[in-house]
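Trainee: Let us go through this model by question and answer, please.
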Number of protein chains: 2
Amino acid sequence: MVCSKSFGYALRGVLYVALMSDQKPRVQVEEIAEKLSVPKHYLGKIMKQVVKEGILSSTKGPYGGFSLNEKTLSSPLLSILRITDGFEQFNTCVLRLRKCNSSRPCPLHDQIEANRKAWMQIFSKTSIGDLLNKDEVSFLEGLATI
Amino acid sequence: MVCSKSFGYALRGVLYVALMSDQKPRVQVEEIAEKLSVPKHYLGKIMKQVVKEGILSSTKGPYGGFSLNEKTLSSPLLSILRITDGFEQFNTCVLRLRKCNSSRPCPLHDQIEANRKAWMQIFSKTSIGDLLNKDEVSFLEGLATI
DNA sequence: TTTAAAAAAGATACAGATGTCCTTAATGGG
DNA sequence: CCCATTAAGGACATCTGTATCTTTTTTAAA
C-alpha cells in the first residue's frame with residue numbers, strides 16, 4: 001500500500017527538473033538533492049536509472065545536468081515505478097500462497113486483484129505532465145521530503 | 001501494494017490452527033512451520049505476537065501449542081496487519097512529501113487515499129472466520145509458501 | 001590540449017526485515 | 001519432585017533497500 005522511498009525521490013527529481021525547465025535547461029543533482037532534502041549520491045544513482053529508462057536526458061561535464069526530453073512529460077508514473085519498485089508487488093499473493101491465481105484463487109484474491117488494478121490504473125494513466133497540470137500546484141512549493 | 005512476508009506467515013499460521021481445531025485442540029509451531037514450508041523459529045516469533053494481541057492462545061509444555069480462543073474467528077485481518085506491518089503505510093505520501101494531507105494534497109493524494117481506504121476496508125471487514133467460510137476452500141490444500 | 005565540472009560507476013556502510021540458534025520459563029505426566 | 005516437551009526470549013547472522021564516499025568518464029570552455 002506504499003511505494004519505496006526511491007520512487008518518491010525519482011518522481012520528485014523529475015518533477016523538479018520539469019519545473020525548472022523554463023528557467024534553466026539543465027539541473028544538477030546537487031541542486032535537486034538540496035531542494036528536495038534528499039541524499040545526493042543516492043539520488044544520483046536513481047536519476048541515472050531514470051535516464052537509462054529514457055524518461056530524462058543527461059549530459060556530463062560543465063553546464064551539464066539533467067534535462068527534459070520528448071518522452072518526459074508523457075511518461076506514465078508506471079515507468080518510474082518499474083525502475084524503483086518493480087511490478088512483482090502486483091502479483092504477489094497477500095497470503096503468500098505459491099499457487100494462488102485467478103483460476104485457483106485464495107479467498108482474498110479477487111478483492112485484492114481488483115484493488116491492485118485500481119492502483120495500476122493510477123500509475124499507468126497518470127503522466128509526469130499530468131501532475132504538473134493539476135490544480136494542486138501549491139504542493140510544488142515544498143518538494144522537500146519527510 | 002503488498003504485505004510483508006510476516007503477514008502471510010501469521011495469517012496462514014492462524015488459519016492452519018483453525019483448520020486443525022476439530023482434529024486437535026493445540027498445534028505446535030513445529031508442525032505449522034512444516035506444513036506451511038515456513039522458517040520455524042521465525043514463525044515462532046510471529047505467533048508469539050499474535051498470541052500477545054489476543055488473536056490466538058498458547059500453552060507451554062507437553063501437549064501445549066497454539067489454540068483458538070473466543071476472539072480468533074471474529075478477529076479482522078487488520079489486527080494481524082497491525083502486528084506485522086503497522087498502519088504507517090496507509091498514511092505515507094507516495095511522493096514522500098512532508099506536508100501532504102487532505103487540506104493540502106499532492107496531485108495524487110485523493111486518488112491514493114480512496115484506494116487505500118478500499119484496502120483498509122478489505123482488512124477490516126474480513127475476519128479470520130470469513131476466510132474459512134469462503135467457497136475457495138480448495139486453497140487450503142496447499143498453504144505452502146512461495 | 002588542458003582544466004574544471006558534472007554524471008556514471010564502484011566500494012563500503014547502515015538499518016530493518018527476515019532467518020537461525022541457543023537458553024530460559026512454563027507445564028503436564030510420571 | 002523430576003523430567004520431557006513446548007512456547008518465549010535473547011543473541012546473532014543474512015539479505016535488501018537506503019545512504020555515503022571515492023574514483024572514473026565525459027564534456028564544455030579557455
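Trainee: In what order do the elements of chain A run from the N terminus on?

Mentor: This is a predicted model, where local features need pLDDT of at least 70, side-chain atom pairs count only at pLDDT 80 or more, and totals for chains, interfaces and linings use all residues. Residues are numbered from 1 along each chain as written, chains are lettered from A and ligands numbered from 1 in written order, and side-chain values use heavy atoms, without hydrogens and water. Chain A has six helices and two strands, taken as DSSP runs numbered from the N terminus (helices H or I, at least four residues; strands E, at least two). From the N terminus on, the order is α-α-α-β-β-α-α-α.

Trainee: How many residues of chain B are in contact with chain A?

Mentor: Contact means heavy atoms within 4.5 Å. On the chain A side 47 residues take part, and on the chain B side the number is 46.

Trainee: Which element gives the most to the side of chain A that touches chain B?

Mentor: By class, this side has 26 nonpolar, eleven polar and ten charged residues; Ala, Val, Leu, Ile, Met, Phe, Trp, Tyr, Cys and Pro count as nonpolar, Asp, Glu, Lys and Arg as charged, and the others, Gly among them, as polar. Elements giving two or more residues to it are helix H1 (5-20), helix H4 (77-84) and helix H5 (109-125) of chain A. With nine residues, the one that gives the most is H5(A).
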